[in-house]
Amino acid sequence: NEVDGATGSGTGVLGDTKSVNTYYYNSTYYLYDISKPMNGVIQTLDNYNGGDSSLPGYYITETDNAFTSEREKAAVDAHYYAGKVFDFYYNNFGRVSWDNQGSDITSTVHYGSNYNNAAWIGNQMIYGDGDGSTFTYLSGANDVVGHELTHAVTQSTANLAYENQSGALNESFSDVFGYFMDPGDWLMGEDVYTPGVSGDALRSLSNPPQYGQPDNMSNYQNLPNTQAGDWGGVHTNSGIPNKAAYNTITSIGLSKSEQVYYRALTVYLTPNSTFADAKQALVQSAQDLYGSSTASSVSSAWDSVGVY
Ligand SMILES: Cc1cc(C(=O)NCC(F)(F)F)no1
Ligand SMILES: [Ca+2]
Ligand SMILES: [Zn+2]
C-alpha cells in the first residue's frame with residue numbers, strides 16, 4: 001500500500017497551503033489517505049459534479065497532486081483536519097478512528113446549498129458551504145471538525161441521547177473536544193463564522209452568555225423537545241457543561257482534562273446521563289487517573305455552575 005500513498009499539496013479555506021495525504025492510482029491522485037493503522041481510510045468527496053448531488057459524492061482528483069482550486073479548499077481542510085482529529089484520538093488515547101475499529105472517516109463537502117452547518121450523519125461527515133455571511137466553508141475550522149467527529153465517537157461510546165440534558169452533554173463533549181483540537185482560544189467556530197466580522201464566534205466556552213447560552217443551572221432553558229426547540233435546547237444548555245469544562249481545564253490543566261474527559265465519555269457516561277451524572281463521571285475519572293486533589297477540583301468546577 002505504501003507504494004500508492006502519496007503526499008500532495010492543497011490550499012485551505014483561509015488561503016493557507018498545507019500537505020495532504022493522497023492516493024495515486026492510474027496516473028491520478030485522490031484525496032484518499034491510506035496512512036492510518038488498520039484498514040480504514042480517510043476520504044473526502046465533493047457532493048456535486050455538475051450532475052446530481054447525492055452522498056457520499058464524487059472523488060476529488062488531480063493529475064498533479066495539487067489541490068489548489070477554490071472548489072477544492074473545503075475538501076483540503078476537511079481531509080487535513082480529519083487526519084489531525086484521527087491522530088489526536090490515536091496518539092492521546094490509542095483510539096483507532098471514531099469507532100475504535102479503524103472504520104473509514106468519510107467527509108462530503110459542498111453539501112446542500114448555502115448550508116450554514118456541518119454534521120455527523122451516523123456514518124459520515126457533511127459540511128455546508130455556509131451562505132458567505134453567517135459562515136464560510138465550515139470544514140475550514142479545526143474545532144468544527146473536532147466537534148463533528150466527536151459526535152461519531154460519542155455515538156459509538158456513551159451514545160448520549162440527543163435531547164434535553166443528555167443532548168446538551170452530547171453537544172458539550174463535542175465542543176470540549178473541538179477545543180482540545182484548537183486550544184489557542186475558548187471560542188467555537190471562529191475561523192469560519194461571519195467571515196466579514198473578526199473576533200466573534202458561534203459559542204464561547206469561557207463566557208457562554210456572550211453568545212446567548214446559560215453558564216449556570218439557574219438559567220437552564222426549558223425548551224420543548226422538538227426540532228423547533230432544538231430538542232430541548234441542546235445547543236443552548238450546553239453552555240452550562242461548557243463553562244464547567246472551562247473551569248476544569250483552567251484548574252487541572254489541558255493534558256489531565258483530555259484524559260479525564262475521554263475516560264468519562266468512554267467508560268462512565270450512558271445514553272440518558274444527566275448533568276449530575278456527568279459531574280459524577282468526570283469526578284470519578286479524575287479520581288481514577290489522578291487522585292483526590294484533581295477529583296476535588298473537578299467537583300468544584302461543577303459546583304460553580306450550580307450542579308451540586
Ligand atoms: C444552532 C446550531 C448550532 C449548531 C452547531 O453547533 N453546528 C455544528 C458546527 F460545527 F457547525 F458548529 N447547529 O445549529
Ligand atoms: Ca476555536
Ligand atoms: Zn454538535
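Where is Gln124 found? Gln124 sits in the loop between β10 and β11 (125-128). Strands here are DSSP runs of E, at least two residues, and helices are runs of H or I, at least four residues, numbered from the N terminus.

This is a predicted model, in which local features need pLDDT of at least 70, side-chain atom pairs count only at pLDDT 80 or more, and totals for chains, interfaces and linings use all residues. Residues are numbered from 1 along each chain as its sequence is written, and side-chain values use heavy atoms, with hydrogens and water left out. The protein averages a pLDDT (the predictor's confidence in each residue, from 0 to 100) of 97.

Stay with Gln124. Gln124 is buried, with a relative accessible area of 6%; buried means under 20%, with a 1.4 Å probe and protein chains only. Its side chain makes a polar contact of 2.7 Å with the side chain of Thr108. Such a contact is a pair of N or O atoms within 3.5 Å, one able to donate a hydrogen and the other to accept it; residues adjacent in sequence count only if both atoms are side-chain atoms. Gln124 also touches Leu55, Pro56 and Ala119, among others, where contact means heavy atoms within 4.5 Å.

Now the largest pocket. A pocket is an open set of points on a 1 Å grid over the protein atoms alone, where a 1.4 Å probe fits, with protein on both sides within 12 Å along at least five of seven lines; lining residues have an atom within 4 Å of a point. The largest pocket is lined by 24 residues. Glu148, His151, Tyr162, Glu171 and His235 lie nearest its centre. The largest share of the lining, five residues, comes from α2.

Terms used. Chains lettered and ligands numbered in written order. Buried < 20%, exposed > 50% of the residue type's maximum accessible area, 1.4 Å probe, protein only. Lists of a residue's contacts leave out its neighbours within four places in sequence.
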